Amino acid sequence: MLLECVQPHPLCAETGAEGWLRYAPLDAAQAEKYNSLPASVVLFGNSGVLESAQSELIRGVRGMLGRTLRKEQVLPREKAIVLGTLDALHDAFPELREPPALGKDGYWLTAGRSHGFDCLIITAKTERGVLYGMFALLSKISRNESIVALDEVQQPSAPLRWVDEWDNLDGSIERGYAGNSIFFEKGAVRADLTRAGDYARLLASVGINGCALNNVNADPHALEAGFLPQLARIADVFRPWGVQIALSVDVSSPKLIGGLDTFDPLDPRVADWWKQKADEIYRQIPDFGGFVVKADSEGRAGPSSYGRTPAGAANVIARALQPHGGYLFYRAFVYDHHLDWTNLKNDRARAAYDTFHPLDGKFDDNVILQIKYGPIDFQVREPVSPLFGGLEKTNQAIELQITQEYTGQQRHLCFLIPMWKETLDFDLHANGNSSPVKDLVAGKTFHRPMGGFVGVANVGLDANWLGHPLAMANLYGFGRLAWNPDLSAQAIAEEWTRLTFGNDPQVVQTIDAMQLASWRIYEDYTGPLGAGTLTNILGPHYGPGVESSERNGWGMWHRDDHDGIGVDRTVATGTGFVGQYSPPVAKLYESVSGTPDQLLLFFHHVPYTHVLHSGKTVIQYIYDSHYEGAEKASNYVLQWQSLKGRVDDQRYADVLARLEYQAGHAIVWRDAVCNWFLRVSGIPDTKGRVGNYPGRVEAESMQLQGYVSTDVVPPEDASGGKAVTCPEQLQRCEASYQFKGAAGWYEIDVEYFDLSSGQSRFRVLVGDQEVDEWTADAQLPGMKLSADSSIRRRITGLALRPGDEIRIEGYPDGGERAPLDYVELSTPGQR
Ligand code: GCV
């Protein structure tokens with residue numbers, strides 16, 4: 001039974017809507033630490049941001065400690081918590097001296113005395129800093145840290161810490177996996193912006209200070225006069241949390257909606273149009289953050305139409321924003337998606353550096369080049385983009401992807417912080433010295449006035465924001481890294497788990513261990529050794545699709561053939577991409593021996609028999625990593641089950657269902673990739689696993705009534721390359737076979753396809769006894785039989801005897817013809 005509770009508690013159902021701001025009651029022993037917390041709070045100032053700080057503090061303390069802080073207008077004759085900027089506190093606490101390390105947006109938690117009483121002071125140079133300091137204090141209490149004798153100054157690493165949302169005005173979200181937009185529906189801003197306000201609160205709690213609301217594939221209508229008052233409503237709910245809103249814009253807007261016959265950035269009428277538009281926006285949203293631009297990329301219009309450079313396009317818009325203090329984020333994700341794949345010198349990875357490095361110094365000071373972390377596109381493993389090191393006189397920001405487009409779409413667990421840490425810590429030696437990416441993007445290396453972090457978040461209306469309850473760690477971690485990239489992945493995981501699930505050591509250790517291992521595990525059963533993407537890039541970017549990234553213009557190649565795999569990007573014999581790095585880094589990647597195994601296939605084309613640093617051949621590594629990764633993914637289920645009763649039932653069940661699905665889908669990945677490379681290379685797995693599946697019975701080899709054998713394209717997306725489907729005219733089909741093994745207890749996995757075009761029903765019978773039945777109603781991408789839609793049902797605890805008939809009945813629905821792939825039998829504990 002789920003308890004209905006007013007506040008979070010281990011036994012209460014939780015939706016995840018509170019994210020990491022649950023303020024769950026501490027148990028008596030934990031709460032004791034805060035017995036001496038003052039009973040009053042005094043706010044110096046009265047802005048929306050400061051009022052948020054005060055009310056949030058009261059809310060948090062009430063939730064965690066069960067006490068309601070008294071709001072006082074003036075300093076009381078007792079201990080108090082004091083909130084205010086340094087300027088505002090000056091008269092009451094003249095002894096407070098601004099700490100040298102404190103800058104804009106930073107905060108200071110310290111102690112002071114008033115009327116002879118101790119005060120806990122939360123102060124900053126800015127009101128936003130006070131808000132951040134208040135969240136930091138609540139976080140400490142929530143994680144049960146001591147707050148005695150606090151004297152702590154925290155300063156964010158970079159001034160710009162933004163999220164981008166790829167929300168469309170119709171309410172859909174490009175690469176969003178958790179429901180529709182919290183901002184838009186049916187071409188307008190939603191009437192109810194409660195979730196938008198809640199989101200701004202979550203963002204503020206980790207120091208995020210800007211949010212671009214709409215898809216970078218921008219709909220120009222967002223700029224129309226009638227739309228701006230609607231956007232102003234979103235700004236109104238964001239403002240109390242110190243988060244500026246921004247918009248993605250199409251550079252051809254002057255022509256599309258502005259009535260001009262051109263969008264040439266050098267045409268004075270175009271410059272004037274942008275100026276008028278910016279002025280109009282700022283009249284309604286005075287704290288508007290600025291624009292994001294995607295141009296000359298993936299079919300978007302751009303300055304190349306007029307022979308102009310990205311600098312020309314960026315500056316004309318930036319100049320319109322400049323008088324108002326706005327920023328123009330120009331995305332460096334500019335490439336040709338019609339590359340000639342037969343030309344081995346062509347290389348999409350080169351595009352960003354080739355385009356933008358020559359323009360270094362040509363961008364205005366309020367332009368920020370927004371650069372994806374790797375040179376391709378958010379893959380599970382890429383080297384760091386060399387462009388970070390190629391800009392000395394241009395502001396830059398790193399773009400990270402919180403929404404897991406290529407990393408499991410929030411159906412798979414994949415904690416991305418360890419990957420981002422590797423990127424941020426990577427030393428590009430850009431200045432001939434040490435220049436880690438985190439310093440370059442913060443503007444520290446080349447003393448740039450601006451810079452920072454952008455995370456593509458794509459939260460949706462699902463109660464828990466990102467779909468998978470454990471995926472919120474990526475949003476949290478993004479904010480924490482943008483604030484302090486020196487934090488370790490372990491520290492971030494631990495913070496998030498404590499805030500999200502409480503301080504039970506077993507819960508913390510288990511979830512942290514799962515999170516911290518998850519990126520490598522995902523990489524292992526999907527695309528190891530930097531082999532570009534093996535994901536279905538011509539479909540939903542989800543399941544395996546090895547062929548989809550070859551022989552087309554998208555340029556996400558891995559160049560596998562009978563003899564070898566990998567893209568030669570060396571200067572000596574390849575595409576020359578390696579030459580975009582500074583000499584010490586280029587030297588490393590230019591040689592096979594200097595390149596780390598994890599990136600080998602990104603930089604080099606090698607035979608399958610090439611021996612890695614690890615001592616394995618490439619082909620055997622591909623096989624082994626897929627088997628090991630899939631096995632580790634299935635272990636998540638056991639790890640999570642050890643927490644039953646220690647986390648609330650609702651989130652427990654939600655996570656368990658996703659992990660069970662992931663365990664099955666990891667096998668789909670394993671088999672598809674391993675069989676592909678077995679076929680292409682002709683080299684068998686030394687351990688004999690690939691292509692041999694004891695206990696597996698293909699549906700097409702069963703006795704079929706009604707069902708017909710159907711080819712699956714590409715063949716590696718189904719076991720044996722085939723499935724069975726129930727033809728249009730039938731309402732019921734059957735597949736059966738006789739069990740021939742030894743009598744005993746068994747588990748059966750039924751692998752089937754769940755398409756979005758219907759909800760088939762399945763029944764499984766042993767003899768005449770039904771042992772399971774279900775409806776195929778999972779929300780999976782894909783309209784056709786493919787690895788994207790492949791899913792399994794596990795039936796446990798079956799007593800089977802030789803000669804038993806195992807029968808699966810399929811009842812199709814709509815376009816989904818009850819498709820079946822195989823069944824696989826195993827004894828408990830065998831897998
Ligand atoms: C918004 C990838 C995604 C696109 C996305 C693009 C981008 O190609 O698949 O959906 O477009 O990146 O970052 O602009």
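Q: When does a charge sit over a ring, and which residue lies over the face of Trp676?
A: A charge sits over a ring if NZ of Lys or CZ of Arg is within 6 Å of the ring centre and within 35 degrees of the ring normal. This model is predicted. Here the distance from the ring centre of Trp676 is 5.0 Å, and the residue over its face is Arg679.

Q: Which residue lies over the face of Tyr542?
A: The distance from the ring centre of Tyr542 is 4.9 Å. The cut-off is within 6 Å. The residue is Arg411.

Q: How many aromatic pairs are there, and at what angle between the planes do Phe183 and Phe238 pair?
A: The count comes to 36 aromatic pairs. Phe183 and Phe238 form one that is tilted, 6.0 Å centre to centre. The angle between their planes is 50°.

Q: How many residues apart are Phe183 and Phe238?
A: Phe183 is in the loop between strand E7 (160-167) and strand E8 (184-185). Phe238 belongs to helix H6 (residues 228-238). The pair links distant parts of the chain, 55 residues apart.

Q: Are Phe183 and Phe238 buried or exposed?
A: Phe183 and Phe238 share one label. Each is buried.

Q: What kind of aromatic pair do Phe577 and Tyr581 form?
A: Both residues are buried. Their rings lie 5.5 Å centre to centre, with 85° between the planes. Angles over 60 count as edge-to-face, so the pair is edge-to-face.

Q: Is Glu280 buried or exposed?
A: Glu280 is in helix H8 (residues 268-284). Its relative accessibility is 18%. Buried means under 20%, so Glu280 counts as buried.

Terms used
Residues numbered from 1 in each chain as written. Predicted model: local features only at pLDDT ≥ 70, side-chain atom pairs only at ≥ 80, totals over all residues. Heavy atoms only, no water. Phe/Tyr/Trp six-rings, centres within 6.5 Å; stacked < 30°, edge-to-face > 60°. Helix = DSSP H or I, 4+ residues; strand = E, 2+ residues; numbered from the N terminus. Buried < 20%, exposed > 50% of the residue type's maximum accessible area, 1.4 Å probe, protein only.
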